[in-house]
Amino acid sequence: MSGLGSTILRNGLFALPGETDLKRRSMRIENGRIAEISETLAGNPASPGAGSEAGRLPSSGTIIVDACGLMVFPGAIDPHVHFDEPGFTHREDFFHGTCEAAKGGVTTVVDMPCTSLPPVTTLEALETKLAIISKRAVVDYALYGGVSGHTAEASLARHMAELAPRVVGFKCYFISGMDTFTSVDPATFGRVVAQGAALGRPVLLHAEDLATVRAATERVRARREDIAEGRVAPDEASAWRDYYETRPREAEIEAVRFALEAAGENAATLHVVHVGTARAAELIAASGGTPCAATCETCAHYLAFDENDFARLGASLKTAPPVKGPGEKAQLWKLLASGAISFVTSDHAPAPDYEKNTGNPLTAYGGIPGTGTMFPFMLSEGYLAGRLGLPRFLDAVAGAAARRYGLSGRKGSLEPGKDADFVLVDPAGKTTISGEKLLSKGKITPFEGMTFSGSIRSTWLRGRAVYTERDSILAEPGFGEYLTWGCL
């Protein structure tokens, strides 16, 4: 169900494809799709509030929304979320996760296959998941299939072929902390990539090398024993240093090298998720000429924080991979600006206090509630701060992911014929992050107390306001549509 009838959004500052700056335009929406964007559209409501109130043209039934003074961006796409349903809903579920997405300007999410029970490694498991989440989603969503170490070699190709028409990619791990979705070895991964290439679907990889992490973990254990025995004096930051030293930057670099070797001539099928190490991103970008290169993403937290922040933020910053040294942030921003990193995701994966704040950095749950803070952070620190020009910003938060996952026929940009998914932003406003105000089940965020430039006035999906600053969530559970590759 989309927004029915006709709506005109007047006098906004539009972020349009191919433009290097915002353009004052008006947009006509018909039955949930963008019908026209132009400098002159009819309609002059008497006194609507900017972007939050609507008038009507007399006798026409057309709804008029005044966006004067507001920036109009395409709805953001977050193609890396863990909404944990079914199976782990004490951490998150599709209703709360998609509400948080809408509040943060995200109109489409893609959910990972690994954090559900059963994991989405078979068509039957996908149908089980869809029967539940289809009644709960507030924004549009797609799904990944998965291949874990539990997937029998004899059935791997069959399961992937059965899932391919219903998913936008496949996910694997080189290292996994989940008993229900275990890692694959590089040889198996090569077969997965070859099958993904044959099916026309990207294969996503959590790229940390298991051997490197194991060796680093042994070194940390030895140091902890030295401290326990009094041979080495402890320091205040040693506990969190133990965690990030167990997963060093070399683990990402080695895993990317293995993955590229395993992918071989099918490198264009490979997509590496949540890259936190600049050298890993450089190897991926150098894997071949367009369109033969593999791709990768980074996350807002890798652009915002570094390992020195663990002493201040503790478990609220714990993710896997962890954030790295201070120099990585600047390099990741440069790689994102150049296009070597394709886009930004949230890796949204919250957990309750008793799983996050265990008192032991090695056992604290690794994940943060990021889908609602991704777009506000990127708008403020990327576009408005001048780190990203408008075209790269739009690609980083929407366009590149839409293309990578076969959604660009409807999503990712403001163009006639596409879904009327957009975000109205007040450039003079400010957004201060408060965990208690997140609509996610997860309230523990490393962005706590941070203030960003710009504030979201409303988020629109298929021509309908699903979130407004004044009224919060306006869409009912189940309004979100299930998307598949090539959806039109």
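**Cavities, pockets and helix pairs**

A: The second largest cavity is lined by Ala-300, His-301, Thr-345, Ser-346, Ile-368, Gly-370, Thr-373, Met-374 and Phe-447. Keep in mind that this is a predicted model.

Q: What's the volume of that second largest cavity?
A: About 40 Å³.

Q: And how does the lining of the second largest cavity divide by class?
A: It has 4 nonpolar residues, 5 polar ones and no charged ones.

Q: How many cavities of 30 Å³ or more does the structure hold?
A: There are 2 of them. The largest cavity has a volume of about 50 Å³.

Q: Which residues line the largest cavity?
A: Pro-74, Gly-75 and Ile-77 are among them, along with Thr-107 and Thr-108. The lining also includes Arg-410, Lys-411, Gly-412, Ser-413, Asp-419 and Asp-421.

Q: What classes are those lining residues of the largest cavity?
A: They divide into 2 nonpolar, 5 polar and 4 charged.

Q: OK, pockets now. How much space lies in the largest pocket?
A: About 950 Å³.

Q: Which residues should I centre a view of the largest pocket on, going by what lies nearest its centre?
A: Gly-177, Met-178, Arg-247, Ala-320 and Gly-366 lie nearest the centre, out of 36 lining residues.

Q: Which element gives the largest share of that lining?
A: Helix α5, with 4 residues. At least two residues each come from β11 (170-173), α5 (210-228) and α6 (238-246).

Q: How does the lining of the largest pocket split by class?
A: There are 14 nonpolar, 14 polar and 8 charged residues.

Q: And the second largest pocket, what's its volume?
A: The second largest pocket has a volume of about 360 Å³. It is lined by 20 residues, and closest to its centre are Lys-103, Thr-431, Thr-432, Ile-433 and Tyr-467.

Q: Which elements give two or more residues to the lining of the second largest pocket?
A: Those are α1 (94-103), α13, β16 (422-432) and β17 (451-461). By class, the lining of this pocket has 7 nonpolar, 8 polar and 5 charged residues.

Q: You mentioned α13. At what angle do the axes of α13 and α14 cross?
A: Roughly 160°, and the axes of α13 (residues 374-384) and α14 (residues 390-404) come within 11 Å. The two helices are therefore roughly antiparallel to each other, and their crossing is right-handed.

Q: Which residues of α13 and α14 meet?
A: On the α13 side they are Phe-375, Met-378, Leu-379 and Tyr-383, and on the α14 side Leu-390, Phe-393 and Val-397. By class, the contact has 7 nonpolar residues, no polar and no charged ones.

Q: Next pair: α3 and α4. How do their axes cross?
A: The axes of α3 (residues 153-163) and α4 (residues 186-199) cross at roughly 30° and come within 10 Å. That makes α3 roughly parallel to α4. The crossing of α3 with α4 is right-handed.

Q: Which residues of α3 and α4 make the contact?
A: From α3 there are Glu-153, Leu-156, Ala-157, Met-160 and Ala-161. From α4 there are Thr-188, Arg-191, Val-192, Gln-195, Gly-196 and Leu-199.

Q: How do the residues of the contact of α3 with α4 divide?
A: Into 6 nonpolar, 3 polar and 2 charged.

Methods:
Residues are numbered from 1 along each chain as its sequence is written. This is a predicted model: local features need pLDDT of at least 70, side-chain atom pairs count only at pLDDT 80 or more; totals for chains, interfaces and linings use all residues. Side-chain values use heavy atoms; hydrogens and water are left out. Axes are lines fitted to C-alpha atoms, for helices over the stretch in contact, and angles run from 0 to 180 degrees between N-to-C directions. Angles under 35 degrees count as roughly parallel, over 145 as roughly antiparallel, 65 to 115 as roughly perpendicular and the rest as oblique. A crossing is left-handed if the near helix is turned anticlockwise from the far one by less than a right angle, and right-handed if clockwise. Contact means heavy atoms within 4.5 Å. Ala, Val, Leu, Ile, Met, Phe, Trp, Tyr, Cys and Pro count as nonpolar, Asp, Glu, Lys and Arg as charged, and the others, Gly among them, as polar. On a 1 Å grid over the protein atoms alone, a cavity is a set of points where a 1.4 Å probe fits but cannot get out, and a pocket is an open set with protein on both sides within 12 Å along at least five of seven lines; lining residues have an atom within 4 Å of a point. Grid points are joined across faces, edges and corners, and a volume is the space filled by probe spheres set on the points.
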